[in-house]
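Hi there,

Here is the structure I promised to pass along. Have a look at it first, and then read on for what turned up.

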Amino acid sequence: MSILFLELLAREASAVEFEGPIVQARAAGADAAAIEELERAKVEALKVRDLLKRRARREAELSALYDTAGDLAALRDLDAVLEAIVHRARQLLATDVAYMTLHDPGRGDTYMRVTDGSISAKFRALRLAMGAGLGGLVAQTAVPYATADYFADARFRHKEHIDEAVKEEGLVAILGVPLRLGQRVIGVLMAANRSARPFHQEEVSLLASLAAHAAVAIDNAGLLQETRNALEELSRAHRTARAHGEAVERAAKAHDRMTSLVLRGGGIEDVAAVVTDVLGGSLAVLDDLGRAIVGDVGELDAGVFEAARASRALGRTVRRGELLIASVDVGGEPLCTLILRSDDADERILERAALVCALLLLFRRSVAEAEGRVRGELLDDLIARPGSPGLADRAGRLGVDLGAPHVVVVVRHEGQRERAAFWASSQAAVRHGLAAMRGDEVVLLLPGDDAGELAQRVARELTSSLHSPATAGASCVKPSGAAGGDRAGGPENVAAAYQGDRAGGPENVAAAYQEARRCAEALIALGRAGDGAGAAELGFVGLLVGDGRDVPGFVARTLGAVIDYDARRGTALTGTLAAYFGTGGSPSRTAEVMHIHVNTVTQRLDRIGKLLGEGWLEPERALEIQLALRLHRLGHTYPPHTVGPDPI
């Protein structure tokens with residue numbers, strides 16, 4: 001008969017089925033001893049059945065714990081691990097719902113992290129204060145709690161919002177165990193049923209084991225995240241260090257290229273070419289006045305110059321929109337500014353380029369100042385000691401040919417003496433001339449034979465550089481042996497009047513200097529500050545200030561067109577003009593004096609106006625014409641003409 005019970009055990013029959021063999025024996029008329037033997041066999045079989053069932057359950061629990069440990073070992077996503085633990089707790093304890101709350105250090109309560117089997121949105125969003133509800137009590141005391149009937153249990157504080165959420169979920173029996181890391185509770189793992197049921201000690205232990213695994217998972221996840229953060233930080237630091245090292249190496253190579261160029265005699269243009277080769281884009285280099293040395297910057301707004309000032313103050317590159325600006329100063333004064341338009345924002349290379357350009361400019365300035373002193377000393381000797389030996393040789397070593405035509409320019413200005421001296425030295429070096437500072441004057445000896453044009457150009461350019469009026473007087477250096485004084489001659493000399501011979505004499509530089517000074521003083525006295533002129537451009541005033549008193553030149557410039565016309569055509573325009581001024585500008589009285597018809601006078605005056613140009617009757621111009629007529633009548637230019645019949 002025991003074989004029947006073994007078969008029932010083998011197919012995992014229910015407890016009711018174990019009554020079958022006894023019922024069958026009684027129906028077959030078995031005696032009492034046989035029935036008693038079957039009862040004992042049934043009891044033993046049921047004991048074996050219970051043992052096997054407990055062992056199967058234990059095996060399932062151990063398998064679940066093993067799988068959980070495997071999840072932890074695999075370091076899966078924390079949310080996935082916690083969801084698996086909660087799901088296994090619900091399955092192993094055969095409850096309707098399982099869930100986990102975690103502690104929120106910021107708010108001091110616990111919140112729902114994972115739920116399994118929940119159907120209420122309010123329940124899934126529930127937060128439990130410490131000590132409130134069963135979960136809050138477990139979190140506060142770190143002790144497992146179980147209740148077969150939640151709403152009838154008075155061991156914990158019931159909160160209205162908690163009870164409402166529990167009621168909406170339909171929970172009755174609840175078991176909660178703490179999630180502990182050492183002595184610290186980080187959350188609560190709970191299993192709940194929607195009907196009343198007790199929770200046995202084995203179930204509490206099982207849930208506690210799952211809670212321990214969950215705590216380990218959370219701790220491992222925190223450590224893993226910290227490790228990942230540390231690795232990421234180290235990775236960023238490594239990338240930053242590598243990028244910094246590459247940038248430093250790149251800047252060093254660019255600096256070596258620029259240094260090599262300078263040592264081979266390269267200039268700012270070569271340095272700029274290196275920068276654009278390395279960084280791309282376009283680069284402009286400005287001098288201390290904001291003028292472009294290299295590149296074309298177009299119109300610059302005030303913001304760019306503000307950024308340049310900020311760059312000098314900070315000692316580094318400053319960004320202005322899409323421009324990178326690096327500026328260098330010396331003694332608080334700007335020396336050079338680099339403006340780069342490029343997508344490659346390597347500031348180190350631009351800053352090093354700015355320093356190299358600044359050094360080149362300083363070197364040029366030092367060389368210019370040294371050469372300027374030598375040139376200035378030579379010009380001083382030409383003015384103060386014109387008879388000193390070796391002046392021509394000294395000039396030749398500086399690239400100045402004193403045998404060629406030269407013009408002395410004297411400039412009067414206000415303030416900024418050093419800037420004016422630097423500008424003059426630069427001009428002298430570029431134009432193969434000489435420059436010196438004599439008191440508050442700038443003195444230049446420049447190649448050329450047009451004193452007026454040079455004076456005007458110097459006045460214009462120096463005024464622009466100083467941003468204040470610079471007044472320039474000029475005089476051509478007379479050739480060696482020239483005695484000065486008036487020149488006589490005929491019509492063939494009119495065009496050449498006041499030009500002088502082509503070559504100048506070193507011994508006459510001093511005289512030209514004095515005349516140039518008088519021209520500058522005359523311009524200031526005439527209210528023409530900021531202008532430039534030689535004696536020829538000063539009209540009759542030039543006769544007073546000019547050293548040679550060049551009367552023929554004055555007459556030629558003022559009246560030469562009329563005199564030449566008379567000489568070519570045999571007309572009497574000059575005499576008619578003299579008679580016209582002599583009669584107070586009356587055409588009728590002029591006709592009487594000339595013994596011609598008044599219409600003839602009108603025609604001659606019309607011809608004279610065309611020859612002399614517009615404005616010849618304006619007071620100042622008329623005064624010069626009358627003076628030229630008187631000098632011409634005195635025989636300083638042409639022999640007097642006989643006034644006779646004139647057909648115009």
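In which helix is Ser465 found? Ser465 is found in helix α14. Before going further, please note that this is a predicted model, where local features need pLDDT of at least 70 and side-chain atom pairs count only at pLDDT 80 or more, while totals for chains, interfaces and linings use all residues. Residues are numbered from 1 along each chain as its sequence is written, and side-chain values use heavy atoms, with hydrogens and water left out. Helices (H or I, at least four residues) and strands (E, at least two) are DSSP runs, numbered from the N terminus.

Back to Ser465: this residue is buried, with a relative accessible area of 5%. (Buried means under 20% relative accessible area, exposed over 50%, and partly exposed in between, with a 1.4 Å probe and protein chains only.) Leaving aside neighbours within four places in sequence, Ser465 is in contact with Leu289, Arg419 and Trp423, contact meaning heavy atoms within 4.5 Å. Ser465 and Leu289 are 176 residues apart in sequence, yet their C-alpha atoms are 7.9 Å apart in space.

Five strands make an open sheet with mixed pairing, in the order β13-β14-β12-β15-β16; two strands pair if DSSP finds at least two bridges between them. β13 (434-438) and β16 (532-534) stand at the edges with a single partner strand each, so one side of each has no neighbour in the sheet. From one strand to the next, the twist averages 20°. Strands β12 (residues 406-413) and β15 (residues 470-476) run antiparallel and are joined by seven bridges, and Val407 has Cys476 in β15 as its bridge partner. Helix α13 (residues 417-430) packs on the sheet, touching β12, β13 and β14 (441-447), and its direction makes about 160° with that of β13. Helix α14 (residues 451-466) also packs on the sheet, where it touches β12, β14, β15 and β16, and its direction makes about 155° with that of β15. For these angles, axes are lines fitted to C-alpha atoms, for helices over the stretch in contact, and angles run from 0 to 180 degrees between N-to-C directions.

Two helix pairs are worth a look as well. The axes of α8 (residues 201-263) and α9 (residues 268-279) come within 9 Å and cross at roughly 155°, and α8 and α9 are therefore roughly antiparallel to each other. (Angles under 35 degrees count as roughly parallel, over 145 as roughly antiparallel, 65 to 115 as roughly perpendicular and the rest as oblique.) Among the residues of α8 that meet α9 are Arg250, Met258 and Leu261. The axes of α19 (residues 587-594) and α20 (residues 598-612) come within 8 Å and cross at roughly 105°, which makes α19 roughly perpendicular to α20.

Finally, strand β1 (residues 97-104) is mostly covered, with seven of its eight residues buried. β1 runs antiparallel to β6 (residues 184-193), joined by six bridges, and Ala98 has Ala191 in β6 as its bridge partner. Seven bridges join β1 to β2 (residues 109-116), again antiparallel, with Leu102 partnered by Tyr111 in β2. The hairpin of β1 and β2 has four residues between the strands, and there Gly108 takes a positive phi near 75°.
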